[in-house]
Amino acid sequence: MLGEGILKGLAETARNFAGSFVSKDRLTTVEYPEERLPLPEASRNFPFLVYDGTDWEKGLRCVACQICEKECPPKCIYIDKSKDKKPDAFGRPQIYPAKFDIDISVCMSCQICVEVCPFEAIKMDTQYELSTDDRFGGLLLDRKELAKSNEYYHQIHPTEASEVDAKLAAEKVKVDAKAKAAACAAAAKAAAAAAKPAVPADASAPKPQGEGD
Ligand code: SF4
Ligand code: SF4
């Protein structure tokens, strides 16, 4: 019948309008910004850098390997490596990013930087209220602005963050076991060297001519 679709649509609208007075499920309008819908755990916007502990600078997991910088499709990550080293999450001395900037006006939220990072150092944020009237400076975020704690990561992506923690804890066990084995081997070598009979200092020295003749 001609116009049947329009009539069905009007009926649905009327049903929802009348139903919205009695059923909360039919109230689909959200009074933003006073009201906000909870974000799904898998939602993402722009990347941030994860740090452990309470000091963002000391705790950054990033070791400035620059893999994300190379793989980022629109090339909006800019990293400078440090000249010195600092302990990483496992206590091993590592270089760190002296500069780590992301231009979020260029970032396309593809998450490739997260996928390629071998150190679980960069993750996707869910924050979306980032508008600014400073088109260039305001959207070029430096490492301090990008740094967010592991606790924050747990708040926005609890399942993923727990899996990452478990993975890092298992890696730490392996690293500690390797360090312990190396320390034991070094101690055994030192003990073996100490147990070796001392060779007299002049035993191998050539005797002066005429001595003992
Ligand atoms: S999300 Fe994609 S575009 Fe944005 S910084 Fe990461 S790799 Fe680059
Ligand atoms: S965020 Fe990850 S991939 Fe990027 S430089 Fe740091 S450690 Fe490397």
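Which residue in β8 does tyrosine 51 stand opposite?

Tutor: Tyrosine 51 stands opposite serine 149 in β8. Before going further, note that this is a predicted model, in which local features need pLDDT of at least 70 and side-chain atom pairs count only at pLDDT 80 or more, while totals for chains, interfaces and linings use all residues. Residues are numbered from 1 along each chain as its sequence is written, and chains are lettered from A and ligands numbered from 1 in the order in which they are written.

Two strands are said to pair if DSSP finds at least two bridges between them. On that basis, strand β1 (residues 47-51) is joined to strand β8 (residues 147-149) by three bridges, and the two run parallel. Besides the position already named, valine 50 stands opposite lysine 148 in β8. β1 also pairs with strand β6 (residues 122-124), in the antiparallel sense and again over three bridges, and there phenylalanine 48 stands opposite lysine 123.

Taken together, the three strands form an open sheet in the order β6-β1-β8, with mixed pairing. β6 and β8 stand at the edges, each with a single partner strand, so one side of each has no neighbour in the sheet. From one strand to the next the twist averages 50°, an angle taken between N-to-C directions on a scale from 0 to 180 degrees, with axes that are lines fitted to C-alpha atoms. As for burial, a residue is buried if 20 or more other C-beta atoms lie within 10 Å of its own, exposed if 12 or fewer, and partly exposed in between, with C-beta atoms placed from the backbone. By this count β1 is mostly covered, since five of its five residues are buried.

In the loop between α1 and β1 lies proline 33, which a cis peptide bond joins to tyrosine 32, with omega about 10°.

Elsewhere, strand β2 (residues 77-81) and strand β5 (residues 97-103) pair in the antiparallel sense over five bridges, and within this pairing aspartate 80 stands opposite lysine 99 in β5. β5 in turn pairs with β7, antiparallel and over two bridges, where aspartate 103 has leucine 140 as its bridge partner. Leucine 140 belongs to strand β7 (residues 140-141) and is partly exposed, because 17 other C-beta atoms lie within 10 Å.

Two ligands are present, and a residue is near one of them if its C-beta atom, placed from the backbone, lies within 6 Å. Ligand 1 is surrounded by 14 residues, the closest being Cys72, Cys107, Cys110, Ile112 and Cys113, and its shell has 12 nonpolar, two polar and no charged residues. In this classing, Ala, Val, Leu, Ile, Met, Phe, Trp, Tyr, Cys and Pro count as nonpolar, Asp, Glu, Lys and Arg as charged, and the others, Gly among them, as polar. Around ligand 2 there are 13 residues, of which Cys62, Cys65, Cys68, Cys117 and Ile122 come nearest; by class that shell has 12 nonpolar, one polar and no charged residues.

Glutamine 66, in the loop between α2 (56-59) and α3 (67-71), has a positive phi of about 70° although it is not a glycine. Glutamine 111, in the loop between β5 and α4 (112-116), likewise has a positive phi, of about 75°, without being a glycine.

Finally, the protein chain as a whole has seven helices and eight strands. Its radius of gyration, taken over C-alpha atoms, is 31 Å, well over the 17 Å that the globule rule gives for 213 residues, so the chain is more spread out than a compact globule; the rule is 2.2 Å times the number of residues to the power 0.38. Along its principal axes the C-alpha trace spans about 130 × 35 × 35 Å, and buried residues make up 18% of the 213 residues.

Methods:
Helices (H or I, at least four residues) and strands (E, at least two) are DSSP runs, numbered from the N terminus.
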